[in-house]
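Take a look at the structure below.

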Amino acid sequence: MAAMALKGIRVVDFTWVVAGPVATRMLADNGAEVIKVERKIPGYMGPRKVGLQPDLNRNKLSVAINMAEPRGVELARELVRISDLVIDNFSARVMRGWGMDYESLRKIKPDIICISMSGLGHTGPRRDYVSYGPTLQSLTGFTRLMTDPNGEPAGYGYSFSDLAGGLAGGFVALSALWHRRRTGQGQFIDLSQMEALTGYLGPGLLDISVNGREQSPVDWRAQEKPAAPYGVYRCQPSDGDDDRWIVISVGSQAEWNRFKNAIGAPPWVDDTKFHTLYLRMRNREELDRQVASWTANHQAEAAMTILQRAGVPAGLVENGVDLCTRDPQLQFRNFWAAVKRPDGSDTYVSGIPYRLSATPGAIRSNAPEVGENNEYVLGELLGLSPAEREELYAHQVVWH
Amino acid sequence: MFADLGADVIKVEPPGGDDGRRIAPFVDDRPHPDRSLFFWFYNLNKRSLTLDLESERGRELLCELARGADVVIENFGPGRADAMGLGWARLHELNPALVLCSISPFGADGPYRDYLADDAVLTAMGGMLYVNGYPGRPPVRPLGLQAYHASAHYGAIATLCALFARDQDGAGQWIDLSMQAATAGALEHVVGSFFQNGQPERRRGTLHWARFFRAGKCRDGYVLHCTIGDWTSLLEWVRGDDAAQDLITPEWHEHDHRAKHAEHLFDVLDQWVVDKPRDEIVARAQLLRQPYAAVRFPGELFKDEQLIARGYFVEVEHPELGRSFHYPGAPALMHGTPWRAYRRPPLVGEHNEAILCDELGLAREELATLIAEGIV
């Protein structure tokens, strides 16, 4: 059996916040040695050993190098010399300012791969635009089109954009490593998170560019297929919680027939205005009212079970408790992985969504405290003596 | 994603074409398997082979193809490929170096293994849907088929990892990907927040969970407010417009105070922008390094000076229609291995002859027979 898939690959990781760490998480989960080069910012983005940080930064190492010091930059460059990939999500100026841009680094490591995951890219008139996930979601149309029935923006209580950028970053990193393995050549990759996100609207954008539509009618009902009933329906409260919902998705006529039987074939299902998909879509409002009257009398899990057993796509709208503690499928597949808190107790992170039969990835360690692996990086990797390391700490070139 | 970087991706479709070809929108709103823009977007740069996998001969030909392939990717559903004699055991025997990536809604085992799901159901069961929308109102579906896209990315990443592992010992392997888990692995805050606080995250409208962003209605649309930039310069601006109300008190200088009282803060900022034009607010804000943004419609992306300057939209020629169209382009500018649009999406079965006769060595007469029998 092979070792972990990416064993032997070393990544110098300057990324922070969310998007960059998502990209390097994929690499670390599959065995790459990912070394975060970080500043010491107390409490930034929450504690390291519980919550969001373990989710983003498990399996990584951390060295706290002060890049404002010339000797710090020198250390980082020495680290690059023995690494395969350098990745950041700063705006264009930062890495160049340190002399850590691709053109500088290829002089000391000719086959290095550099990936910059900035918000809007390293070129173009808006390369210095200040952006975060919600900014990019606004610029691309996600925020505007995710509306309530009243047409007001209703969405994005979180930065999906950071995940889109991070997933794209993981993919291009592996693609570039693959190319290097075949050709011996490194490269620079200029990833604009806005562009990575824009691709998620592909068919809608083609509708605009091909059909000249002012606005694509992408809405919650028409993203993938014509269907009715189709949507979110409120279910019976459960343990006093009335925020319980189910998604039901009835596309084909066969699914409709199964749906009718599953809900006990009440008289309204045979009304001629619901006979075909076309009619069900035309009379959607009335159909939705009828379906909602059925779901209102069922708990969400029970309704899902009834429908799925009959062969109708339906799913509980899982909240954090459902997802992390109750969902039997995610538990069966051991999706939640335990990592240790400093007191020895367990906390959990979202695991690896795929299983590789021969070289499964693994969650091996919790996220590092900033600088947790200083000694390993300076001593073992860079070969500095204890006295040299002490001097670096003493001069705050590396933060303890 | 693989085809865009130069892999030869053969899309194996049932005779008549993949179901994706029946999904709207269509060119000029005329439904036809070769005119689906949904299919176009997801199948750029690929070749098409039609093959009836219900037939013995169709399956034999598929096995021939798999013998010479690096990767097979399928999403038939758990157990289906096995039942057709095209599962891991068979393909691995034929080609020990092959990587098989199986993508299914809930994975190949477990209590929900046979549950049916589309993107909407997966966003629900992957924890994404619940946190979108306003409290007290129904959850709002995330835009952009996010469960599918997250699954696709994880699938591509897992496949590349398997190819790296193959370099170590020459052996292929089987990937079993759960789309529900991929969705749960693409949530920003939901999981970490639950394991830290023991409480589920709730819907907050457009108020971001970190409480520094919210959309607000202005004169001609919406802007995204942001209170994470330099507070003094933002406050000066608002004060200059006599709209700061109680925000002038010193505690608002504190980051934590602004987060804690975000609802009130954004209410005041909403009143401040209500009569201002969107683009004027955003232009001035960005000059002040305030991460404000215009809440735009996707149509505006085609006029976006940044995307244009970076050549984001690429022209793809469709000779049989006598027209060229602008497609969304590269997710990243890869200077050594550029993303390219080098082949428009395939017509149904467009490459049958090239693949079966020129590459697999079938006689042209045999192809004619297969076509007559409806196998190709």
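**A walk through two chains**

Start with one pair of residues in chain A: A:Gly231 has A:Ile248 in strand 8 of chain A as its bridge partner. Keep in mind that this model is predicted. Strand 7 of chain A and strand 8 of chain A (residues 245–249) run antiparallel and are joined by five bridges. In general, strands of a sheet pair through backbone hydrogen bonds, either parallel or antiparallel.

Now widen the view. Which strands make up the open sheet in chain A, and in what order? There are three, in the order 7-8-9, and their pairing is antiparallel. Strand 7 (230–234) and strand 9 (314–316) of chain A are the edge strands, each pairing on one side only. On average, neighbouring strands of this sheet are turned by 20° against each other, direction ignored.

Helices lie across these strands. Helix 13 of chain A (residues 284–295) lies across strand 7 and strand 8 of chain A. Its angle to strand 7 of chain A is about 45°. Helix 14 of chain A (residues 300–309) lies across strand 8 and strand 9 of chain A. Helix 14 runs at about 160° to strand 9 of chain A.

Step back to the whole chain. Chain A is divided into domain 1 (10–199 + 333–394) and domain 2 (230–326). The centres of the two domains of chain A, taken over C-alpha atoms, are separated by 41 Å.

Chain B is also divided into domains: domain 1 (3–187 + 320–372) and domain 2 (213–295). Here the C-alpha centres of domain 1 and domain 2 of chain B lie 45 Å apart.

Look next at strand 6 of chain B (residues 213–218). Strand 6 runs antiparallel to strand 7 of chain B, and six bridges join them. A hairpin links these two strands of chain B through two residues. B:Cys218 has B:Gly221 in strand 7 of chain B as its bridge partner. Strand 7 of chain B also pairs with strand 8 of chain B (residues 293–295), in the antiparallel sense and over three bridges. There, B:Val223 stands opposite B:Ala294 in strand 8 of chain B.

Why is strand 7 of chain B (residues 221–226) largely enclosed by the rest of the structure? Because five of its six residues are buried.

Now bring the chains together. How many residues of each chain are in contact with the other? The count is 119 residues of chain A and 124 residues of chain B. On the side of chain A that touches chain B, helix 8 of chain A (residues 160–183) gives the largest share, with 14 residues. That side of chain A divides into 63 nonpolar, 40 polar and 16 charged residues.

Strands meet between the chains too. Strand 12 of chain A (residues 354–356) pairs with strand 5 of chain B (residues 174–178) in the antiparallel sense, over three bridges. A:Tyr354 has B:Leu177 in strand 5 of chain B as its bridge partner.

Finish with a single residue. A:Leu52 sits in helix 2 of chain A (residues 52–57). Is A:Leu52 buried or exposed? A:Leu52 is buried, because 25 other C-beta atoms lie within 10 Å, and a residue counts as buried at 20 or more. Leaving aside neighbours within four places in sequence, A:Leu52 is in contact with A:Met45 and A:Gly46, and with B:His189, B:Gly192 and B:Ser193.

Technical notes:
Residues are numbered from 1 along each chain as its sequence is written. Chains are lettered from A and ligands numbered from 1 in the order in which they are written. This is a predicted model: local features need pLDDT of at least 70, side-chain atom pairs count only at pLDDT 80 or more; totals for chains, interfaces and linings use all residues. Domain bounds come from an automatic or database domain assignment. Two residues are in contact if their C-beta atoms, placed from the backbone, lie within 7 Å. Helices (H or I, at least four residues) and strands (E, at least two) are DSSP runs, numbered from the N terminus. Ala, Val, Leu, Ile, Met, Phe, Trp, Tyr, Cys and Pro count as nonpolar, Asp, Glu, Lys and Arg as charged, and the others, Gly among them, as polar. Two strands pair if DSSP finds at least two bridges between them. A residue is buried if 20 or more other C-beta atoms lie within 10 Å of its own, exposed if 12 or fewer, and partly exposed in between; C-beta atoms are placed from the backbone. Axes are lines fitted to C-alpha atoms, for helices over the stretch in contact, and angles run from 0 to 180 degrees between N-to-C directions.
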